[in-house]
Amino acid sequence: MSQPSYTLLPGADESPVILHVPHSARAVPAGVRAGIVLDDAALERELDHITDAHTAEIAAAAAGLAAVPPWRFVNRLSRLVVDPERFPDEREEMLAAGMGAVYTRTTHRGVLREEPYDPRPLVERYFRPYARAMTEAVAGRLAATGRAVIVDVHSYPSRSLPYELHGAGPRPPVCLGTDAFHTPAELTEAAREAFAECGETGLDSPFAGTYVPLEFYGTDARVAALMVEIRRDLYMTEPGGKAGPGADRLAAALAALVDAAGRRPSGWSTPAGHRGAGRTTVET
């Protein structure tokens, strides 16, 4: 049996925090590569633009710095295989850009897969097992600690790319994506404090929402969630370059957020009050 496309890296038994890293990998299995029309050089350029480079390493460093190590759920495959944070059906707004759960268009709106393209085989092979595993990981934290805090770790380019539906808004050094039900005000404030030395933090621009498995979405307040979008020029050469010294500062900030989130034994007391749009995993 082939290896799963994700890795769950255990943290401390008493930690409610899961660092979710969905877009850091560049790997594309040969069978999936065959359905992508780009030549090898163009595919490498697309991976440079679409990959949240070095976010898995930043999350790993943060886990090592945290007083109580968080759990980490890391995608081992590129989002060009499937994007685990999209709806796999017509509910997904990024379908307008050819970027539903299975992308047919590139970041510059070129052809990635010939249309019409049937996404169902990739959804069944990769998307749904990922969704089930993440759901189980969250359920495990609820069973062990009575709550779960998902910190969704992303990065984004300093200049908007053509695929972005909301790219005209502010692009702060750190964008915090929120959900009105699952992002308590205290969690947002803890993130603002943790990343204060990294520059300005903004809310839900250029990317909004955060990842919550559908089983818990909008119904289970024990599951808190926040997306952290790091502007790439803070820590790397764009696009697709090596990480620089800024990565260490960001890892320390992320560790401070992990510690703040883990210190609340009874959970969060107030709702977020933000306009976040949930980015959920769908499992049927």
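This is a predicted model: local features need pLDDT of at least 70, side-chain atom pairs count only at pLDDT 80 or more; totals for chains, interfaces and linings use all residues.
Visitor: What makes the space lined by Ser-5, Asn-75 and Tyr-130, among others, a cavity?

Guide: A cavity is a set of points where a 1.4 Å probe fits but cannot get out. The search of the whole structure finds one such cavity of 30 Å³ or more, and about 50 Å³ of space lies in the largest cavity. Its lining comprises Ser-5, Asn-75, Leu-77, Ser-78, Val-81, Val-82, Pro-84, Tyr-126 and Tyr-130.

Visitor: How do the residues of that lining divide into nonpolar, polar and charged?

Guide: Six are nonpolar, three are polar and none is charged. Tyr counts as nonpolar under the scheme used, so Tyr-126 and Tyr-130 of the lining belong to the nonpolar group.

Visitor: Why is Tyr-130 called buried?

Guide: The relative accessible area of Tyr-130 is 2%, and buried means under 20%; Tyr-130 is therefore buried.

Visitor: What makes the pair of Tyr-6 and Tyr-130 edge-to-face?

Guide: Their ring centres lie 5.9 Å apart, with 85 degrees between the planes.

Visitor: Why is the pair of Tyr-156 and Phe-207 edge-to-face?

Guide: The planes stand at 75 degrees and the centres are 6.0 Å apart, so the pair is edge-to-face. Tyr-156 lies in strand S4 (residues 148–156) and Phe-207 in the loop between S6 and strand S7 (211–213), 51 residues apart. Both residues are buried. A search of the whole structure finds four aromatic pairs.

Visitor: How do you know which way the residues of strand S5 (residues 174–177) point?

Guide: In a regular strand the side chains alternate between the two faces of the sheet. In S5, Val-174 and Leu-176 point one way, Cys-175 and Gly-177 the other, and all are buried.

Visitor: What makes S5 and strand S6 (residues 201–203) a pair?

Guide: Two strands pair if at least two bridges are found between them. S5 and S6 have three bridges, in the parallel sense, so they pair. Val-174 stands opposite Thr-201 in S6. The chain crosses from S5 through helix H5 (residues 185–194) to S6, a β-α-β crossover that is right-handed.

Visitor: In which sense does S5 pair with strand S8 (residues 223–231)?

Guide: Those strands pair in the antiparallel sense over four bridges, with Cys-175 opposite Glu-229 in S8.

Methods. Residues are numbered from 1 along each chain as its sequence is written. Side-chain values use heavy atoms; hydrogens and water are left out. On a 1 Å grid over the protein atoms alone, a cavity is a set of points where a 1.4 Å probe fits but cannot get out, and a pocket is an open set with protein on both sides within 12 Å along at least five of seven lines; lining residues have an atom within 4 Å of a point. Grid points are joined across faces, edges and corners, and a volume is the space filled by probe spheres set on the points. Buried means under 20% relative accessible area, exposed over 50%, partly exposed in between (1.4 Å probe, protein chains only). Helices (H or I, at least four residues) and strands (E, at least two) are DSSP runs, numbered from the N terminus. A crossover is right-handed if, with the strands pointing away from the viewer, the path from the first strand over the helix to the second runs clockwise. Rings of Phe, Tyr and Trp (its six-membered ring) pair if their centres lie within 6.5 Å; planes under 30 degrees apart count as stacked, over 60 as edge-to-face and the rest as tilted.
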